[in-house]
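This report describes a structural model, section by section. The sequence and coordinates are shown first.

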Amino acid sequence: MDLTNEGTAVPEEPCQCPDCQRFYREHDRLIRENPTLRQQQELSWAALQSFRTLAGRVLEDLQKSTPEPGVDSVPAAAAAGGPQEASAQDALQQAVSDLENINAHLFSIEALMERIFDVRVPEPVEQKFREIAGELAPDPLNADRLRLNRLLHQTPDLPDR
Ligand SMILES: [Zn+2]
């Protein structure tokens, strides 16, 4: 899924599969509940840090319980447990290396984010953020929104999100 949509043609009809619908709902909720630059910065930072903390701890834990490839205990364990044990070990080994990659990428993203988070904007610009957020992701339970939705669903063209 293209999360930026910048410079690309907006698809005529957004995908309506359950995954995409869940994404649209979550996307709008995050705008609605964090309608300023400051709040978006804090939200992204918290999401990144919680991801790093959790993935890092799991990796540490796996590394403790998973022998390095090439270490003597691997064939021994595999021999003891049979082929099933061996493939379970392989899958764990693969997961460790995947998580190492993820953590390296998260580390790079953090470095980039720090620059985004240095930015502060004056209150009128934050007000502009709130305004646009209200247009992009109005409260779904708001009466006007419900009425508008009903109108929109009577037309064949889905609105741009
Ligand atoms: Zn989809």
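Helices (H or I, at least four residues) and strands (E, at least two) are DSSP runs, numbered from the N terminus. The side chains of Asp 28 and His 27 are joined by a polar contact of 3.0 Å. A polar contact is a pair of N or O atoms within 3.5 Å; within protein, one must be able to donate a hydrogen and the other to accept it, and residues adjacent in sequence count only if both atoms are side-chain atoms.

## Basis of the model and confidence

The model is predicted: local features need pLDDT of at least 70, side-chain atom pairs count only at pLDDT 80 or more, and totals for chains, interfaces and linings use all residues. Residues are numbered from 1 along each chain as its sequence is written, and side-chain values use heavy atoms, with hydrogens and water left out.

The protein chain has a mean pLDDT of 82, and 71% of its residues reach 70 or more; pLDDT is the predictor's confidence in each residue, from 0 to 100. Where pLDDT is low, the predicted coordinates should not be read in detail.

## Overall architecture

The protein chain contains five helices and zero strands, and from the N terminus on its elements run α-α-α-α-α. Of its 161 residues, 17% count as buried.

Among contacts in the chain with a separation of 6 or more, 73% are between residues 24 or more positions apart. Contact here means heavy atoms within 4.5 Å.

## The zinc site

Three cysteines coordinate the zinc ion through their SG atoms, Cys 15, Cys 17 and Cys 20, at 2.2 to 2.3 Å. Donors are N, O and S atoms within 2.8 Å of the metal (3.2 Å for Na, K and Ca); water is not among the atoms, so sites may look incomplete. In sequence, the donor residues are spaced C-x1-C-x2-C.

Cys 15 counts as partly exposed at 40% relative accessibility, and Cys 17 is partly exposed at 30%, whereas Cys 20 is buried at 12%. The structure holds zero disulfides, a disulfide being a pair of cysteine sulfur atoms within 2.5 Å.

## Aromatic pairs

Two aromatic pairs are present in the structure. Rings of Phe, Tyr and Trp (its six-membered ring) pair if their centres lie within 6.5 Å; planes under 30 degrees apart count as stacked, over 60 as edge-to-face and the rest as tilted. Phe 23 and Tyr 24 form an edge-to-face pair, with 6.2 Å centre to centre and 65° between the planes. Phe 23 is partly exposed, with a relative accessible area of 27%, while Tyr 24 is buried at 14%.

Trp 45 and Phe 117 also form an edge-to-face pair, at 5.6 Å centre to centre with 80° between the planes. This pair links distant parts of the chain, 72 residues apart: Trp 45 is in helix H2 (residues 37–65) and Phe 117 in the loop between H3 and H4. Trp 45 is partly exposed at 28% relative accessible area, and Phe 117 is buried at 15%.

Glu 110 lies in helix H3 and is buried, with a relative accessible area of 13%. Not counting residues up to four places away in sequence, Glu 110 touches Trp 45, Leu 48, Gln 49 and Arg 52. Val 96, also a residue of helix H3, is buried at 7% relative accessible area. Its contacts, leaving aside neighbours within four places in sequence, are with Leu 59, Leu 62, Gln 63 and Thr 66. The C-alpha atoms of Val 96 and Gln 63, 33 residues apart along the chain, are separated by 7.0 Å.

Asp 118 is found in the loop between helix H3 (73–116) and helix H4 (123–136). Asp 118 is exposed, with a relative accessible area of 61%. Its C-alpha atom is separated by 9.5 Å from that of Gln 41, 77 residues apart along the chain.

Methods. Buried < 20%, exposed > 50% of the residue type's maximum accessible area, 1.4 Å probe, protein only.
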